[in-house]
Amino acid sequence: MVQAITADEFSAADGVADWRVLESGQVGTVFRTGSFDKGVDLVVRIGALADAANHHPDVDLRYPMVTVRLSTHEVDGLSERDVALAREISAAAAELGLEADPGRV
C-alpha cells in the first residue's frame, strides 16, 4: 500500500531541488529545453521512467520547455513514489544537459 507524505517531507527529501510543491497538491517543475528536439528526447525518457515505475506524471511539451507535474492518485496527494520519480526525471534531464526552472510552474 502506498502511504502519503506531506509537502514538507517531499521538499526535505534529497534530490528534489528541481521541484516545487504546488497548491494543487502536486509537485512540478519546468525544464528549459532550448529546442523542440531536446524536449521530445526528455519526454521519451520520462515516458520510459514512468512506465518502469508504473507511476505516470502529467507532461506538457511546448517549445522551448517541458512542464512536469506529479502526484499519487491512490493517496490523492504526494508519496515516496513522487520523490523517486522526481529524482529520476531530474537525473534524465541533467544527462541531456537541461536545466530546471521550477519557478515557472
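User: What should helix α3 span at 1.5 Å a residue, and how far apart are its end C-alpha atoms?
Analyst: Keep in mind that this is a predicted model. Helix α3 covers residues 80-95, which is 16 residues.
User: Which residues of α3 are buried?
Analyst: Asp82, Val83, Leu85, Ala86, Ile89, Ser90, Ala92 and Ala93.
User: And what covers them?
Analyst: The cover includes the helices α1 (7-12) and α2 (36-53). It also includes the strands β1 (4-5), β3 (27-32), β5 (65-70) and β6 (78-79).
User: What comes just after α3?
Analyst: Gly97, with a positive phi of about 80°.
User: New topic. How many residues are in the largest nonpolar core?
Analyst: That core has 20. Phe10, Val16, Trp19, Phe31, Leu42, Val68 and Ile89 have the most contacts inside it. At least two residues each come from β3, α2, β5 and α3. The most come from α3, which gives 5.
User: What does Phe10 touch, beyond four places away in sequence?
Analyst: Its contacts include Val16, Trp19 and Val27. Phe10 also touches Asp82, Val83 and Ala86.
User: Now Thr33. Buried or exposed?
Analyst: Thr33 is buried, because its relative accessibility is 8% and the cut-off is under 20%. Thr33 sits in the loop between β3 and α2.
User: Which residues is Thr33 in contact with, leaving aside neighbours within four places?
Analyst: Lys38, Gly39, Pro64, Met65, Val66 and Leu98.

How values were computed: Residues numbered from 1 in each chain as written. Predicted model: local features only at pLDDT ≥ 70, side-chain atom pairs only at ≥ 80, totals over all residues. Heavy atoms only, no water. Helix = DSSP H or I, 4+ residues; strand = E, 2+ residues; numbered from the N terminus. Expected span 1.5 Å × (residues − 1). Buried < 20%, exposed > 50% of the residue type's maximum accessible area, 1.4 Å probe, protein only. Contact = heavy atoms within 4.5 Å. Core = buried A, V, L, I, M, F, W, Y, C linked by side-chain atoms within 4.5 Å.
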